[in-house]
Amino acid sequence: MIIITILAVILVLGGLFFFTTATIGLLRLPDFYCRMHATGKGDTLGALLLLMGLAVYNLHHGFALGTIFVSIKIMFIAMFTFLANPTATHAITKAGLDCGVEIWTKEE
Amino acid sequence: MELFFLIITLILSFLVLLCLYRGVFGPTVLDRIISVGVIGTKTSVILVLIGLIYGKVDMFVDLALVYALLNFIATLAASKFFRYRKSIMPGAQYLREKGDK
C-alpha cells in the first residue's frame, strides 16, 4: 500500500505543477490567443494528472467493489475533462477569430 | 495524508484567486470566458479533494461530475453567443484602438 501512496503523491504534485504553469501563463502572456495556448494544454493535463492521482489514492484501503467504482467515476471526470477542455478551447478560439480579434505581434 | 490534501487544496484555492484577476481585469470578454473555464476546472478538482479530506468521496464525486458538465456547457454557450454576434463589444473597441497606433 505504500507504493500506491507514493504513486498518488507523485501524480498529484505533477498535476499541481501543470496547474501552476497554466495560471502563470494566463496571467503573464500578452494576448488572448497566447493565454488560450497556455490554459488549453496546461489545465487539461493538470486536471488529468491530479484526478488520476486521487483515483489511485482512493484504492489505498483495499480493492473493495464500491471503492473501485468510485475510482472509475473519478477517472470518468478526468476523461471528460480531457475531451471537453480542448473542445471549449477550440470554440472560444473560433469565436475570437470570427469576431476579428487581432493577433498580437511584437511591436517596434 | 489528509494534511497533504489540505495543503494541495489551499494552493489550488490560491491559484483560483490568481485566475480571478484575469476574470475581473481582463481586457476582452473572451479573456473572462477563459478565466471562468479555468476556475471551473480547478473547482471540479477541489471538490474531489474535499471529498477525500472528509472521507466521503462517493458523494462528492457526483457533485464534481455535474460541475464539470455545467462548466463545459457554459463555456460552449458563451463562445457560441459571441461567435454569432460577431463582436465582443468593449474588447473589440480596445483592440481596434490598440491596432491604430
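This is a predicted model: local features need pLDDT of at least 70, side-chain atom pairs count only at pLDDT 80 or more; totals for chains, interfaces and linings use all residues.
**A helical pair and the core between its chains**

With 21 C-beta neighbours inside 10 Å, B:Leu49 counts as buried, since the cut-off for a buried residue is 20 or more such neighbours. B:Leu49 sits in helix α2 of chain B. Leaving aside residues up to four places away in sequence, B:Leu49 touches B:Phe5, B:Ile8 and B:Thr9, as well as A:Leu54 from the other chain. B:Glu2 is 47 residues away from B:Leu49 along the chain, yet the C-alpha atoms of the two are separated by 9.5 Å.

The C-alpha atom of B:Ser13 is separated by 9.4 Å from that of B:Ile39, a residue 26 positions apart from it along the chain.

Turning to chain B as a whole, four helices and zero strands are found, and the pattern along the sequence reads α-α-α-α. Of its 101 residues, 39% count as buried.

In chain A, helix α2 covers residues 32-57 and has 26 residues. At 1.5 Å a residue this helix should span 38 Å, and its end C-alpha atoms are 37 Å apart, which agrees. Of the 26 residues of α2(A), 22 are buried, so this helix is largely enclosed by the rest of the structure.

How do the two α2 helices meet? The angle at which α2(A) and α2(B) pack is about 10°, and their axes are 11 Å apart. That angle makes α2(A) roughly parallel to α2(B), because angles under 35 degrees count as roughly parallel. The residues of this contact divide into 13 nonpolar, two polar and three charged. On the side of α2(A) they include A:Phe32, A:Asp43, A:Leu51 and A:Leu54, while those from α2(B) include B:Leu30, B:Val48, B:Leu49 and B:Leu52. A:Leu54 touches B:Val48, B:Leu49 and B:Leu52, and also A:Ile74 of its own chain, again not counting residues up to four places away in sequence.

In soluble globular proteins, nonpolar side chains tend to be buried together. The largest nonpolar core here has 55 residues, and those with the most contacts inside it are A:Leu51, A:Leu54, A:Ile74, B:Leu30 and B:Val48. At least two residues of this core come from each of α1 (2-28), α2 and α3 (65-99) of chain A and α1 (2-25), α2 (29-54) and α3 (57-85) of chain B. Which helix gives the most to this core? That helix is α2(A), with 14 residues.

Methods: Residues are numbered from 1 along each chain as its sequence is written. Chains are lettered from A and ligands numbered from 1 in the order in which they are written. The expected span of a helix is 1.5 Å times one less than its number of residues. A residue is buried if 20 or more other C-beta atoms lie within 10 Å of its own, exposed if 12 or fewer, and partly exposed in between; C-beta atoms are placed from the backbone. A nonpolar core is a set of buried Ala, Val, Leu, Ile, Met, Phe, Trp, Tyr and Cys residues joined through C-beta atoms within 7 Å. Two residues are in contact if their C-beta atoms, placed from the backbone, lie within 7 Å. Axes are lines fitted to C-alpha atoms, for helices over the stretch in contact, and angles run from 0 to 180 degrees between N-to-C directions. Angles under 35 degrees count as roughly parallel, over 145 as roughly antiparallel, 65 to 115 as roughly perpendicular and the rest as oblique. Ala, Val, Leu, Ile, Met, Phe, Trp, Tyr, Cys and Pro count as nonpolar, Asp, Glu, Lys and Arg as charged, and the others, Gly among them, as polar.
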